[in-house]
Amino acid sequence: MAVPTKNMAVLKAPDGIEPKSRALPLQVSSEDNGELCFQSAQCKSKCCHRNDGLSLARCASRAAENQECSPLTLYGTYYRCPCESGLHCDTDITIGGSITNTNFGICTDRNEKSVSD
């Protein structure tokens, strides 16, 4: 923080007036599918999806079994939604794919036993 000097003016709000906070309130889990979003935390489905880098992101349903998916990431938006609860996104995670958000896979049920004859 800068210490006021002889040539600096210090601005103070008048008595009884509180300065407004510049922080934006984050609405968590409130948007329905189809609504615009910036981060997945805003969506009830927890998936803020965009078709490409230039499109607007909208809340979307999570991927069902055998659908294309993205593993959970720290990014706020996805090009493919993560899997529904109980499913796993079967993909090979790479550093390049993590940076470009292109680690796509297929939703599978790990608890489903394969039937061998």
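Cys48 counts as buried at 0% relative accessibility, where buried means under 20% relative accessible area, exposed over 50% and partly exposed in between, with a 1.4 Å probe and protein chains only. The model is predicted, so that local features need pLDDT of at least 70 and side-chain atom pairs count only at pLDDT 80 or more, while totals for chains, interfaces and linings use all residues. Residues are numbered from 1 along each chain as its sequence is written, and side-chain values use heavy atoms, leaving out hydrogens and water.

Cys48 forms a disulfide (a pair of cysteine sulfur atoms within 2.5 Å) with Cys37, the two sulfur atoms being 2.0 Å apart. This pair links distant parts of the chain, with Cys37 in the segment before strand E1 (48-49) and Cys48 in strand E1, 11 residues apart; strands are DSSP runs of E with at least two residues, numbered from the N terminus. The link of Cys37 and Cys48 is right-handed, with 105° about the S-S bond, and Cys37 is also buried, at 7% relative accessibility.

A further disulfide is formed by Cys43 and Cys59, whose sulfur atoms are 2.1 Å apart. Because Cys43 lies in the segment before E1 and Cys59 in strand E2 (residues 58-59), the pair ties together parts that are 16 residues apart in sequence. The torsion about the S-S bond of Cys43 and Cys59 is about -80°, so this disulfide is left-handed.

Cys83 is joined to Cys107 by a disulfide, S to S 2.1 Å, and both residues are buried. The chain's disulfides come to 5, and with the bonded cysteines numbered in sequence order the pairing reads 1-4, 2-5, 3-7, 6-9, 8-10.

Technical notes: Helices (H or I, at least four residues) and strands (E, at least two) are DSSP runs, numbered from the N terminus.
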